[in-house]
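Please look over the structure shown below before reading on. The briefing that follows moves from the whole chain to its parts.

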Amino acid sequence: MKIHFLGAAQTVTGSCYVVEACGKRFCVDCGLHQGNKAIEERNRSKLYRPADIDFIFITHAHMDHSGLLPRMTREGFTGPIYCTKATRDLLELLLQDSAHIQEMEAMWEAKKYLRRGLKNPPSALYSVEDAQKTAAQFHIVEYHAVVEPAPGIKAIYYNAGHILGAGTLRLEAHEQGKTTSIIFSGDIGRPQALIVRDAESPPQADYIFMESTYGDRDHKDEKRSVEELGQAIAYSHDRGGKVIIPAFAVERTQEILYCLHLLADQGKLPPDMPVFVDSPLAIRATEVFERNQELFDTQARQMLCKGDNPFKLPCMRFALSKEESQAINDYDGPAIIISASGMCNAGRVRHHLRHNIWKPEASIVFVGYQGVGTPGRKIVEKAQKISLFGEDVEVAARIFTINGFSGHAGQSQLLQWLEPLYHAQASIVLTHGESSAQATLAEMIHQRFGIKTHIANYLEELELTGRDHQAATVVLHEAQAHPRVNWDFLTGEIDRKWGMFKKNVNVLQQRPWVEQTEVQDAVEKLDYALTRLLSRM
Ligand SMILES: [Zn+2]
Ligand SMILES: [Zn+2]
């Protein structure tokens, strides 16, 4: 049995394991890689022909676990995609939304290429039509039901407590007279999360592939989250400013609405402070939640029983169209704006930030994980200026980071999740985390259980022997995974061109004053770009 790590190895995005067992080849998750250009290039990898993949298991509807599905379909994958019902419901919305974003981005790039006289702009990863075709490949699997996609392979989903429909997958492969069992944790939820039930513990297994996003820290006092949100609201209400909450359209937005509902009950949501939900996707995702109430935890269901919809507020307004979204900026007076994306790297929230982040009376409330390199991460890490639509904007708003809403288990909760699964022969492989978080969690697991964990690398292959679980063979593809950056070439080119420029300054001085000042403008921009670059080194 072989596992090939195609993503979420020493990073959090691009979750995808390619598994070879019982003569079949299949994927567990098929997620988008998100980050800089070199990282996103991995989305176009040609390591496997999609037509050679027999079937796919999806743990949950987040794009970093499922966002490459339409690309698989587009390039010839025709097999079934197994997932829970709520995951299917959410993916029908999210994949089309993702496809729409891909198409728009490709269109903007094509225009940019055209304006610059360049040829061959990058094409969209996939189209809305591809996403619609993918939807026909979903096969719903109930939690705890056994699915047998091929002879010798059995799998069961357990509630992962992460988002609506999220599952931990326990897989058994029977080959050569031996059964090997593996747990793919998927993303592990935080106990006591609002709305969804807590994660379940599947039966023990030989191998545990475990996420480690928050392997190096615990969340702040979780009970204080509602209170902290209340403080942000009071801060901006007193000063007549707006509260901007960048939030993923799925789960986080519904949790925030739920939380505002609780604050309203406590009289801490001022009646003159409207709540704008500015994301058509969030509005539709909320409807999916309302259709899957059987997955809610006790508190949310009790609320429903009393006829109280946890996602409804008296002063809530939805913005579906672009015009409605723009009109929010004309609204005078304090307001709460919930908008995507959660990391501020795309979507309507960037417009709200541009209108508000430079105002001391505004507050920006972060309620989710902020990936490396995203504007959200920069703001959380106290950047004084932030680049929005190519313009540097000062950060003067009050920044709140509320960890208690995280969809992921914190360090001690990860250890708690592992506790019942641990046994002396278990092999633990850490995935879905940044290297430093993984190193810390590996150390904690060693201290607590006395076993060493393996931290998977991008493109690494793991041969599971099934006999001695600790002795899995590792094959690395380092040169392919991390192609060397050619610094000599880059610095050489810049040196050469700068040398040419300096040689030509004499000639430049003979030119008319207006021409010289135009070049001066260009050089000043170059100098500013270099200064910014140096400040990051
Ligand atoms: Zn997730
Ligand atoms: Zn994830």
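What percentage of the contacts in the chain with a separation of 6 or more comes from residues 24 or more positions apart? In this predicted model, such residues account for 74% of those contacts.

**Overall form**
- The chain has 537 residues and a radius of gyration of 25 Å, which agrees with the value near 24 Å that a compact globule of this length would have.
- The secondary structure comes to 18 helices and 23 strands, and buried residues make up 43% of the 537 residues.

**Domains**
- The domain assignment gives domain 1 (2–217 + 407–481), domain 2 (222–405) and domain 3 (492–535).
- The C-alpha centres of domain 1 and domain 2 lie 28 Å apart, and the contact between these two domains takes 24 residues from domain 1 and 23 residues from domain 2.
- On the side of domain 1 that touches domain 2, the residues divide into 12 nonpolar, 8 polar and 4 charged.

**Nonpolar core**
- The largest nonpolar core has 134 residues, and Leu90 and Ile245 are those with the most contacts inside it.
- Helix H4 (residues 85–115) gives the largest share of this core, with 7 residues, while domain 1 and domain 2 each supply at least three residues.
- Apart from its neighbours within four places in sequence, Ile245 is in contact with Ile256, Ile336, Ile337, Ile338, Val365 and Val367.

Technical notes
Residues are numbered from 1 along each chain as its sequence is written. Chains are lettered from A and ligands numbered from 1 in the order in which they are written. This is a predicted model: local features need pLDDT of at least 70, side-chain atom pairs count only at pLDDT 80 or more; totals for chains, interfaces and linings use all residues. Domain bounds come from an automatic or database domain assignment. Two residues are in contact if their C-beta atoms, placed from the backbone, lie within 7 Å. Ala, Val, Leu, Ile, Met, Phe, Trp, Tyr, Cys and Pro count as nonpolar, Asp, Glu, Lys and Arg as charged, and the others, Gly among them, as polar. Helices (H or I, at least four residues) and strands (E, at least two) are DSSP runs, numbered from the N terminus. The radius of gyration is taken over C-alpha atoms; the globule rule is 2.2 Å times the number of residues to the power 0.38. A residue is buried if 20 or more other C-beta atoms lie within 10 Å of its own, exposed if 12 or fewer, and partly exposed in between; C-beta atoms are placed from the backbone. A nonpolar core is a set of buried Ala, Val, Leu, Ile, Met, Phe, Trp, Tyr and Cys residues joined through C-beta atoms within 7 Å.
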